[in-house]
Amino acid sequence: MAQPVSVRIPALNKDISLPTGLFINNEFVPSVDSSETLECINPSNEEVIARVVAASPKDIDRAVAAARHAFNTTWGKNCNGFQRSRLMNKLADLIERDAQELAELETLNNGKPVKVARDFDIGDSIQCIRYYAGWADKITGQTIEIEGTVKTAFTRHEPIGVCGQIIPWNYPINMMSWKIAPALATGCVIVLKPSEITPLSALKIAELVVEAGFPPGVVNIVPSLGPVGGAALAAHPDVDKVAFTGSTVTGRKIMEAAAKSNLKKVSLELGGKSPQLIFESADLDQAANWAALGICYNSGQDCTAGSRVYVQDSVYDKFMEILVSKVKATSFGDGFDDAVAGGPVVSKTQYDRVWSYIESGKAEGAKLVLGGEKRPGKGFFVDPTIFAEIRPDMKIVKEEIFGPVLSVGRFKTEEEGIKIANETTYGLGAGLHSNDASQCMRVSALLEAGSVWVNQYNLLSNNVPFGGKKQSGIGRELGSYALEEYTSVKAVHWNIGEKLEWPL
Amino acid sequence: MSTAFSHEFNTASYKGKASFNTGLFIDGKFVDGSNKTFIDVVNPTSGKVITKIAEGTSKDVDTAVEAAQRAFDTTWGLNAPGALRSRLLTKLSQLMERDQQELAALEALDNGKTFAWAMNDTSAAIETVRYYAGWADKIHGQVQETDEKKLTYTRHEPIGVVGQIIPWNFPLLMFSWKIAPALATGNTIVMKPSEFTPLTAIRMCSLIQEAGFPPGVVNVVTGYGHTVGQAMASHMKIEKIAFTGSTLTGRRIMESAAKSNLKKVTLELGGKSPNIVFNDANVDEAVAWAAHGLFWNHGQTCCAGTRIFVQSGIYDEFLKRFTEKSKQIKVGDPFAPETSQGPQVSQVQYDRIMSYIKSGKEQGAKLHLGGDRAGSEGYFIQPTIFTETKPEMKIVQEEIFGPVGVVIKFEDEEDVVRQANDTVYGLAAAVFSQDINRALTVAHKLKAGTAWVNCYNLIDANVPFGGFKQSGIGRECGEYALENYTNVKAVHVNLGIKMN
């Protein structure tokens with residue numbers, strides 16, 4: 001096993017060849033010791049798209065060894081930023097060339113609409129890689145004045161080394177580019193484990209990594225089950241750093257494994273229960289649009305999903321009316337249907353999980369304002385669902401659902417709003433809607449989240465950092481800040497004339 | 001009237017045809033000068049006229065400034081997000097790469113440098129444009145720490161319409177050093193290339209069009225320094241001028257800037273850079289680098305190592321090998337693969353250099369090598385070395401800008417550092433020594449914007465370059481160049497301070 005298979009791309013009406021092996025040293029190879037495979041399902045119709053090789057712990061060893069070898073010979077300090085920049089720009093150009101077929105592959109495996117996959121996921125990914133290509137030849141250290149005539153000191157921002165990168169299934173291509181781009185820019189080598197649910201686009205992009213001209217071993221892609229490949233990377237003695245995006249539960253395990261093994265550096269991008277505050281001076285129509293985006297985009301499968309909306313008392317009824325009508329107009333369906341706004345949730349497991357939260361909301365006494373009815377037929381579709389009259393102790397209010405399920409509450413004063421918004425162990429995103437400039441400044445200063453949106457929600461830029469406070473994560477992605485996650489600072493103290501006397 | 005230039009290259013180094021629109025490039029179009037006059041472009045290899053190009057006037061500068069201002073207010077400046085500026089610059093670098101050989105051939109034809117070195121220049125120019133493309137979406141300001149009653153932050157805004165005047169020694173490279181950081185930060189440009197070497201600049205205008213830059217973002221006005229250059233330096237609507245050229249002209253630019261609208265000024269001027277070789281240097285390496293330092297680009301380099309200080313212990317050996325090395329320089333046709341040195345760029349330069357050689361002889365220096373014209377056609381000068389000089393001689397004090405250097409014997413480290421720094425210039429310097437402590441200590445004491453240790457004339461797009469003292473103001477290349485083209489605005493937002 002490990003031979004490429006043929007996958008039909010419906011809208012382009014053609015078949016593409018999809019590699020199914022593990023991508024190690026620029027080749028697609030079978031597992032050394034296992035015959036396990038990952039079955040990739042189309043969540044819109046529950047059919048099998050393809051089966052790919054699942055990496056075993058020994059395969060992870062092989063990938064790490066390939067990466068280490070590249071780091072010591074062709075990458076790391078053996079190449080310069082100008083070279084890395086060129087290769088990264090080439091990769092971005094190739095992804096741009098193949099954007100349509102990659103988008104359709106992404107839709108088949110993840111369910112999101114094709115035009116969203118192409119214009120947003122892939123469009124942003126291309127831009128992300130280009131952005132970091134621009135950083136590759138700009139990794140500078142400092143020179144520091146100590147005692148000018150006898151000593152010179154400076155820092156070198158060196159690549160950390162072999163980086164294990166574990167990414168989720170909600171934005172497969174986009175998450176891959178957020179991870180590989182800053183790592184490659186700084187000179188690191190990569191062992192990337194895509195989600196076992198959505199490994200296909202990563203494997204297809206691996207072909208472009210070869211075409212772009214990256215030396216073997218610089219980028220390795222090893223689809224695998226989390227407890228197998230992910231755990232192996234987190235505990236590996238020769239991996240210098242692990243970067244993980246996914247659930248907070250798994251994030252804890254990663255950090256524990258890192259601590260117990262070689263104290264590898266850890267960055268985590270975890271869950272959220274992000275609040276939006278709608279103040280009375282807000283443009284309610286706009287705020288409702290952003291709130292709808294916040295919970296419906298990507299069918300709610302977004303770490304910064306605006307899953308809690310709190311509306312100031314004085315405008316509650318009016319806002320709810322607008323919000324419900326906006327969300328009601330959002331239709332989910334097959335990603336190849338141009339008319340849909342979103343697709344199914346990604347898998348049976350997620351489907352069951354989201355539904356159990358919806359049932360819990362009903363059981364705990366929240367008021368079901370929209371949705372809450374299962375659809376008949378095939379496909380893991382969950383229609384947008386809104387609960388109102390919530391209490392802070394409800395599961396649907398405290399826990400991350402990761403589906404299009406919104407909890408709406410109310411508040412009287414600004415202080416109360418901020419307090420409820422911050423009442424969570426998470427701290428990934430937050431939004432506020434108000435036409436009072438001072439209020440915007442005050443509230444944005446006090447919201448405890450890594451990204452705060454004012455009169456907007458969920459829109460990111462590749463050059464603005466993103467990450468979590470509190471239990472939403474450690475470290476930042478995007479912007480210049482991501483470079484710090486992949487550089488190791490060495491201070492060089494260079495004696496140019498001081499003689500030591502001993503004993504002192 | 002539409003003008004164009006066509007040239008068939010049929011040489012050992014390059015065969016191909018160049019054919020492109022010429023004229024002033026204003027608001028995205030090629031146009032005649034308002035006076036309908038032209039300037040001859042001379043091939044320095046033969047002394048013959050290659051073509052004529054449009055002559056710009058101060059009126060044309062006004063038109064260009066208006067176009068640049070319009071573009072800044074509508075399609076460029078902060079109306080064009082950094083990611084877009086980045087894309088266009090990357091596209092431009094790709095087009096330059098596509099047409100690299102043609103650009104190099106035009107450069108060799110127009111300037112006289114060898115085709116091989118012109119290829120080197122064009123590679124560096126491409127790398128520079130690519131490097132600054134990467135900065136375009138990374139122009140960060142700061143947020144400063146204050147208390148919660150106030151928010152303060154800075155914006156690094158583009159200045160607006162910037163004037164750029166470049167020399168004839170590295171026409172395409174200087175063009176890229178100027179336009180790349182200016183465009184990356186969102187400025188629009190009025191550029192005056194040298195009237196001696198306008199061809200690659202004009203060729204770049206077609207590439208700028210093809211890359212998709214909106215009209216008016218880059219404008220090129222060919223013309224003379226005392227008309228076009230002067231008009232730019234004193235223009236009331238140009239808020240910043242960047243000049244590379246002689247110190248003499250640099251003073252005039254700064255004076256005009258002061259007298260007009262106090263526009264910001266950056267200058268990249270001359271040098272008389274010292275190259276210090278200690279007894280413990282690797283002599284063969286030092287000889288090779290010293291030759292490169294002095295004779296690269298026919299000595300027409302602002303940072304040329306024109307004063308070579310050699311410690312007495314190795315002086316004789318160094319001089320012997322340096323002379324042999326210099327004799328190996330083949331002077332001739334820039335398109336012949338075996339040539340390492342072509343002609344000087346113009347009659348004016350030729351005459352100037354020859355008069356310095358004459359002065360060296362007259363003031364009593366020993367002519368050790370060369371000193372004559374090479375050949376009978378074009379502006380070729382033999383690689384020339386003077387020894388046994390005195391510090392006050394003109395050839396030791398003044399910038400010659402040709403393949404003429406002085407080799408000076410020294411004994412004492414402290415004394416040579418004093419002699420090396422005893423100049424109004426401060427562009428570059430070099431130290432050759434195998435003792436790294438001494439090399440670094442001396443390098444740190446030299447008053448120059450670039451200090452080379454055990455090398456010479458190595459320049460990278462990401463490392464700043466510029467002068468101390470009368471060699472200039474400001475830095476090009478690296479992140480530092482961005483400062484030349486940004487205006488810092490501090491924004492103070494009151495969040496709760498009451499005024500009674």
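This is a predicted model: local features need pLDDT of at least 70, side-chain atom pairs count only at pLDDT 80 or more; totals for chains, interfaces and linings use all residues.
Which elements build the lining? In chain B, α7 (225-233), β12 (240-244), α8 (247-259) and α11 (347-362) each supply at least two residues. The biggest share comes from α8(B), which gives six residues.

Now step back to chain B itself. Chain B is divided into domain 1 (4-269 + 473-488) and domain 2 (274-460). Domain 1 is written as two stretches of the chain, 4-269 and 473-488. How far apart are the C-alpha centres of the two domains of chain B? They are separated by 30 Å. The two domains touch: 31 residues of domain 1 of chain B are in contact with 30 residues of domain 2 of chain B. Together these domains bury about 2,300 Å². Carbon and sulfur atoms give 64% of that area. One salt bridge is found across this interface. In chain B, a salt bridge also joins the side chains of K48(B) and E377(B), with N and O 3.7 Å apart.

Turn to chain A. Chain A is divided as well, into domain 1 (60-270 + 468-490) and domain 2 (275-454). The C-alpha centres of these two domains lie 31 Å apart. Their contact involves 27 residues from domain 1 of chain A and 26 residues from domain 2 of chain A. The buried area between them is about 2,100 Å². Of this, carbon and sulfur atoms give 56%. Which residues of domain 1 of chain A lose the most area to domain 2 of chain A? They are W169(A), Y171(A) and K470(A), together 26% of what that side buries.

Between domain 1 and domain 2 of chain A, the count is one salt bridge. K470(A) forms a salt bridge with E448(A). The closest N and O atoms of this pair are 3.1 Å apart. K470(A) is also one of the residues of domain 1 of chain A that lose the most area to domain 2 of chain A.

Last, see how the two chains meet. Here 23 residues of chain A are in contact with 24 residues of chain B. The chains bury about 2,000 Å² between them. Carbon and sulfur atoms account for 55% of that area. Which three residues supply more of chain A's buried area than any other three? The answer is F82(A), R86(A) and K138(A), with 29% of the area that chain A buries against chain B. How many salt bridges cross the interface of chain A and chain B? The rule finds two.

Definitions and conventions
Residues are numbered from 1 along each chain as its sequence is written. Chains are lettered from A and ligands numbered from 1 in the order in which they are written. Side-chain values use heavy atoms; hydrogens and water are left out. Helices (H or I, at least four residues) and strands (E, at least two) are DSSP runs, numbered from the N terminus. Domain bounds come from an automatic or database domain assignment. Contact means heavy atoms within 4.5 Å. Buried area is the accessible area (1.4 Å probe) that two parts lose on being put together, summed over both. A salt bridge is a side-chain nitrogen of Lys or Arg within 4 Å of a carboxyl oxygen of Asp or Glu.
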